[in-house]
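Here's a quick briefing to read alongside the model. Keep the 3D view open and find each part as you go.

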Amino acid sequence: MAAELKLSETKDLTRIERIGAHSHIRGLGLDSNLEPRLVSDGLVGQLRARKSAGIILQMIKAGKIAGRGVLIAGHPGTGKTAIAMGLAKSVSKDTPFAMLSGSEIFSLEMSKTEALMQAFRRSIGVRIKEEAEVIEGEVVEVVVDRPAASGAAAKTGKLTLKTTDMETVYDLGSKMIEALGKEKVQSGDVVAIDKASGKISKLGRSFSRSRDYDAMGPHTKFVQCPEGELQKRKEVVHCVTLHEIDVINSRTQGFLALFTGDTGEIRAEVREQIDTKVAEWREEGKAEIVPGVLFIDEVHMLDVECFSFLNRALENDMAPILVVATNRGHTKIRGTNYKSPHGIPIDLLDRLLIIATQPYTEDEIRKILDIRCEEEDVDMSEEARVLLTKIAVETSLRYAIHLINSSALACQKRKGKTVEMEDISRVYGLFLDVKRSTQYLMEYQNQYMFNDVPGGDASEDAPADMVY
């Protein structure tokens with residue numbers, strides 16, 4: 001019992017979680033009828049936007065609709081990326097979900113269109129089905145013959161497996177003995193051995209051995225002893241993305257390139273051959289396509305060439321569902337002198353379903369700050385929460401969220417346990433928000449280098465008229 005307690009304490013100490021901007025998001029917060037709850041899964045408010053995202057989620061789960069585009073547009077700090085993260089958490093594990101920022105495209109060591117193509121291919125999954133011969137049974141006995149002199153000969157041994165109908169003894173080589181040792185296989189375990197690769201999978205412990213020991217580990221799984229023949233043919237399903245298949249077939253080092261990250265540019269001929277092969281597998285029933293999701297944040301950072309590529313790529317049969325987000329209004333399309341809504345060309349904009357996010361109300365801001373306090377493990381008094389909410393309304397939600405951890409450190413310095421109003425006021429005075437910083441710049445602009453603001457002295461009301 002003491003050993004078990006020590007083990008759990010060690011696990012708690014070694015489990016370190018980093019708290020990110022969206023680490024509190026668990027999903028979209030929808031009920032079974034796709035109706036959004038006011039506060040659920042870390043999301044607050046934005047009911048219409050979340051309901052729209054829920055309909056998109058159903059399209060993704062159906063897996064039959066490809067090449068659709070969704071634009072999440074709204075003011076800065078209205079939860080666009082949070083909704084996309086909720087969407088990512090809600091899709092199944094088999095559905096590929098790739099994320100990138102619009103500015104990333106220009107910093108990679110490859111062409112813009114190649115970077116987008118790789119992102120598209122990372123968002124398309126292939127579920128490959130194949131039949132494999134496996135030996136499945138309950139371990140009766142494992143006997144290992146060790147050589148008298150170390151290094152003189154390889155280890156040999158015998159493995160006895162049984163089902164409800166039969167029992168067989170198998171000879172073991174050194175590699176199989178090593179694999180059994182790694183999996184810690186012992187008498188009473190139910191195992192499956194892949195004949196082609198020799199891979200051993202421990203399925204659990206037999207119910208007939210459930211009373212062998214007084215104490216069992218918390219994760220011990222009991223299974224029935226297999227029936228019928230020991231040797232069986234089973235259907236095995238592998239889920240990979242098209243990009244992974246591209247890399248394996250285009251590099252001399254094969255799948256190792258996936259771990260090194262040195263994928264480089266992939267030739268169009270390689271992709272064509274892979275697409276042809278995948279199409280053959282689909283016709284034969286060996287594989288099926290799983291359209292995933294590609295999320296591009298700050299989509300206004302893409303230029304007109306990237307937008308033209310996206311337009312063409314969405315027409316492909318194997319295109320994923322494209323989700324993009326922007327906080328821009330009517331602005332120039334990058335690479336041109338033409339203006340367009342959200343900085344996206346009209347022809348691409350016409351293909352997108354647009355989800356709009358609205359500014360948060362004061363009550364919603366309060367609920368978000370409560371969630372963030374809980375996520376960051378900060379104990380804050382009611383008066384301090386009211387003050388922080390007021391600061392968020394007058395400045396911005398992001399600024400107020402930054403003050404939570406800062407005020408906790410100020411509280412820790414005065415050896416307090418609960419963050420009070422004085423801690424919030426202290427950090428508010430130390431760290432400027434955008435409005436106060438802009439006002440400071442306007443007042444002292446002549447003392448800064450390369451000042452571009454015309455007219456010398458600025459009025460005190462100028463920052464309030466500025467849109468940021």
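A handy cut-off first: a residue counts as buried when its relative accessible area is under 20%. Keep in mind that this is a predicted model. With that cut-off, 39% of the 468 residues in the protein chain are buried.

**The whole chain**

- The protein chain has 16 helices and 17 strands to look for.
- Take the contacts between residues at least 6 apart in sequence: 64% of them join residues at least 24 apart.

- Five strands form an open sheet in the order 4-13-14-3-17, and the pairing is parallel.
- Strand 4 (97-101) and strand 17 (352-356) sit at the edges with a single partner strand each, so one side of each has no neighbour in the sheet.
- Going from one strand to the next, the twist averages 20°.
- Helix 3 (residues 80-90) lies across strand 3, strand 4, strand 13 (293-297) and strand 14 (321-326). Its direction is at about 160° to strand 4.

**Zooming in on strand 3**

- Which strands pair with strand 3? One is strand 17, which runs parallel to strand 3 (residues 69-73) and is joined to it by five bridges. Strand 14 also pairs with strand 3 in the parallel sense, again over five bridges.
- On the strand 17 side, Gly69 has Leu352 as its bridge partner, and Leu71 stands opposite Ile354.
- On the strand 14 side, Ala73 stands opposite Thr326.
- Is strand 3 enclosed or open? Five of its five residues are buried, so strand 3 is largely enclosed by the rest of the structure.
- In a regular strand, side chains alternate between the two faces of the sheet.
- Here, Gly69, Leu71 and Ala73 are on one side of strand 3, while Val70 and Ile72 are on the other, and all of them are buried. In other words, both faces of strand 3 are covered.

**Two helix pairs**

- The axes of helix 4 (residues 112-122) and helix 6 (residues 242-250) come within 6 Å and cross at roughly 115°.
- Helix 4 brings Gln118, Arg121 and Arg122 to this contact, and helix 6 brings Leu242, His243 and Asp246. By class, that makes one nonpolar, two polar and three charged residues.
- Now try helix 13 (residues 397-413) and helix 14 (residues 421-430), whose axes come within 8 Å and cross at roughly 115°. This crossing of helix 13 and helix 14 is right-handed.
- From helix 13, Tyr399, Leu403, Ser406, Ser407, Ala410, Cys411 and Lys413 meet Asp423, Ile424, Arg426, Val427 and Tyr428 in helix 14. The contact of helix 13 with helix 14 has seven nonpolar, two polar and three charged residues.

**A glutamate to look up**

- Find Glu136 in strand 5 (residues 124-145).
- Is Glu136 buried or exposed? Glu136 has a relative accessible area of 10%, so it counts as buried.
- What does Glu136 touch? Leaving out residues up to four places away in sequence, Glu136 touches Thr163, Val191, Ala192, Leu203, Pro226, Leu230, Lys232 and Lys234.

Conventions. Residues are numbered from 1 along each chain as its sequence is written. This is a predicted model: local features need pLDDT of at least 70, side-chain atom pairs count only at pLDDT 80 or more; totals for chains, interfaces and linings use all residues. Side-chain values use heavy atoms; hydrogens and water are left out. Helices (H or I, at least four residues) and strands (E, at least two) are DSSP runs, numbered from the N terminus. Buried means under 20% relative accessible area, exposed over 50%, partly exposed in between (1.4 Å probe, protein chains only). Contact means heavy atoms within 4.5 Å. Two strands pair if DSSP finds at least two bridges between them. Axes are lines fitted to C-alpha atoms, for helices over the stretch in contact, and angles run from 0 to 180 degrees between N-to-C directions. Ala, Val, Leu, Ile, Met, Phe, Trp, Tyr, Cys and Pro count as nonpolar, Asp, Glu, Lys and Arg as charged, and the others, Gly among them, as polar. A crossing is left-handed if the near helix is turned anticlockwise from the far one by less than a right angle, and right-handed if clockwise.
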